[in-house]
Amino acid sequence: MCVVLLLYVAVVACFFPSAWTWLSNNSSNLDDDDAEDDGTLFNAQRLRFALISTFWLEVIFWTAQSLLLLITRNPELFTAWTIKKKHVSYPSKELLTTALNETLQGHLLRPIFLWLFYPLWAYRGCFDREFPSFFELSFHIFVCMLVDDTLFYWSHRVLHENKYLYRTIHKQHHEFRYSVGLATEYAHPLEDIFSNTIPTVAGALLLGSHVSIAVGYMGIKLWQSVDGHSGMALPFPLSPWNNQYIGMDCALAHDYHHSHNSGNYGGYFIWWDWLCGTDKAYRRYQKKMLKKAAAAT
Ligand SMILES: [Zn+2]
Ligand SMILES: [Zn+2]
């Protein structure tokens, strides 16, 4: 248990700052004045952007999945953090294999998409900005989260409330009623584009953020998504996105969304769900669980 816990703490506490430092030190690789973007399809800056971003996202995704696998293999050691749900069972081997295959296919396509859409970031000046101050970094990341959460909430809600869209697109993601890490990217390609990718990149594109922020934020979002599908409610700061005091209830809320398929359309925050009343069933369920727990003690 100690080894797994230490690894997890090391990743959460050190990985992001380390990765940020790495990006800072290597920002010249991403944003190199000498790396001329001569407008050709395979210019150095464009290729570097696609490859470094892909590497960064792969490291985060597989590190997170490996840690979850370690935890899953020792569930008895993490009972306090495992989200309990008796009415749904652990995903079948077939579903896990299908999800793994689709995830791998998506990852192979990722550098191509990044390369393809490079002109968007270039057009927004992401490669021309000065390396950001800490204040600018924090502000841009926060705005990215707000924009992301808003676009995700509404696109996700439409995918549920329109029965045709749910049946043809979003139902695939909800094959995972018992959420595990591999459910993160198991989604229809259209959902991937409109409800996941566009919300993720919209904030940095709107702000014209420095490319380090744009790429760094993609990693933050990916980690949060894996965490939200992990089936674990790791406490703050082990999971930086599970802090109910500031309206972040990612893991519990999204786990409920999968296991009950009712409300909780938000990603990072619960604000939109609270404002629109789409978290009512979840709140009732939480109260019921608390009462049960109190009665059992
Ligand atoms: Zn959903
Ligand atoms: Zn999900």
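User: Where does Leu 159 lie?
Analyst: This is a predicted model. In it, Leu 159 lies in helix α6.

User: Is Leu 159 buried or exposed?
Analyst: Leu 159 is buried, because it has 23 other C-beta atoms within 10 Å. The cut-off for buried is 20 or more.

User: Which residues is Leu 159 in contact with, leaving aside neighbours within four places in sequence?
Analyst: Leu 165, Tyr 166, Ile 169, His 170, Glu 191 and Ser 195. Take Glu 191: it is 32 residues from Leu 159 along the chain, and their C-alpha atoms are separated by 8.4 Å.

User: OK, now Asn 243. Where is its place?
Analyst: Asn 243 is in the loop between α9 (211–228) and α10 (250–260).

User: And why does Asn 243 count as partly exposed?
Analyst: Because Asn 243 has 14 C-beta neighbours inside 10 Å.

User: What is Asn 243 in contact with, setting aside neighbours within four places in sequence?
Analyst: Phe 236 and Met 248. Phe 269 is 26 residues away in sequence, and its C-alpha is 9.6 Å from that of Asn 243.

User: Switching to the largest nonpolar core. Which members touch the most others?
Analyst: Val 211, Ala 214, Tyr 217 and Leu 222, out of 38 residues in that core. At least two residues each come from α3, α5 (118–123), α6 (134–161), α8 (189–207), α9 and α10.

User: Which helix gives the most to this core?
Analyst: α9, with ten residues.

User: Helix packing next. At what angle do the axes of α3 and α4 cross?
Analyst: Roughly 145 degrees, for α3 (residues 44–72) and α4 (residues 93–116). Their axes come within 8 Å. The crossing is right-handed.

User: Which residues of α4 make the contact?
Analyst: His 107, Arg 110, Pro 111, Leu 114 and Trp 115. On the α3 side, the residues include Arg 46, Phe 49, Leu 57 and Glu 58. The contact residues divide into eight nonpolar, three polar and three charged.

User: Last thing, confidence. Which element has the lowest mean pLDDT?
Analyst: Helix α1 (residues 2–25), at 49. Helix α7 (residues 163–168) has the highest, 97. The chain averages 86, and 87% of the residues score at least 70.

User: Where is the pLDDT below 50?
Analyst: Over residues 1–6. Beyond near neighbours in sequence, that stretch has five contacts in the model.

How values were computed: Residues are numbered from 1 along each chain as its sequence is written. Chains are lettered from A and ligands numbered from 1 in the order in which they are written. This is a predicted model: local features need pLDDT of at least 70, side-chain atom pairs count only at pLDDT 80 or more; totals for chains, interfaces and linings use all residues. Axes are lines fitted to C-alpha atoms, for helices over the stretch in contact, and angles run from 0 to 180 degrees between N-to-C directions. Helices (H or I, at least four residues) and strands (E, at least two) are DSSP runs, numbered from the N terminus. A crossing is left-handed if the near helix is turned anticlockwise from the far one by less than a right angle, and right-handed if clockwise. Two residues are in contact if their C-beta atoms, placed from the backbone, lie within 7 Å. Ala, Val, Leu, Ile, Met, Phe, Trp, Tyr, Cys and Pro count as nonpolar, Asp, Glu, Lys and Arg as charged, and the others, Gly among them, as polar. A residue is buried if 20 or more other C-beta atoms lie within 10 Å of its own, exposed if 12 or fewer, and partly exposed in between; C-beta atoms are placed from the backbone. A nonpolar core is a set of buried Ala, Val, Leu, Ile, Met, Phe, Trp, Tyr and Cys residues joined through C-beta atoms within 7 Å. pLDDT is the predictor's confidence in each residue, from 0 to 100.
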